[in-house]
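Open the model in your viewer and keep the selection tool handy. We will go stop by stop.

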Amino acid sequence: MTAAIGAAIAVLTGIGAGIGIGMATSKAVEAIARQPEAESKISKNLLLGCALAEATAIYGFVIALLIILVL
């Protein structure tokens, strides 16, 4: 039972991070298309946002592993 809960948490955090990164990338491309001169600032913010989204997915994966292995 606990393995199923841990696996569900890992899947949900992975899906959430994937959706977040996809949305951020699409909005960044739209913003660059509208204002090409702001590309460097937009790209920096995009990379920071993607890194934070991936960190959230990794934290969720670690918590899921802890649930599976400890409980």
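Select G20, which lies in helix α1. Helices here are DSSP runs (H or I, at least four residues), numbered from the N terminus. This is a predicted model: local features need pLDDT of at least 70, side-chain atom pairs count only at pLDDT 80 or more, and totals for chains, interfaces and linings use all residues. Residues are numbered from 1 along each chain as its sequence is written, and side-chain values use heavy atoms, with hydrogens and water left out.

The cut-offs are under 20% relative accessible area for buried and over 50% for exposed, with partly exposed in between (1.4 Å probe, protein chains only).

**Stop two: the helix pair**

Select residues 2-34 for α1, then α2. Their axes come within 7 Å and cross at roughly 175°. Axes are lines fitted to C-alpha atoms, for helices over the stretch in contact, and angles run from 0 to 180 degrees between N-to-C directions. So α1 is roughly antiparallel to α2 (angles over 145 degrees count as such).

**Stop three: two leucines**

Pick L47, in helix α2. L47 counts as exposed, because its relative accessibility is 60%. Its C-alpha atom is 9.3 Å from that of T25, 22 residues apart along the chain.

Finish at L71, in the segment after α2 (39-70). L71 counts as exposed too, at 67% relative accessibility.

Note on methods: Angles under 35 degrees count as roughly parallel, over 145 as roughly antiparallel, 65 to 115 as roughly perpendicular and the rest as oblique.
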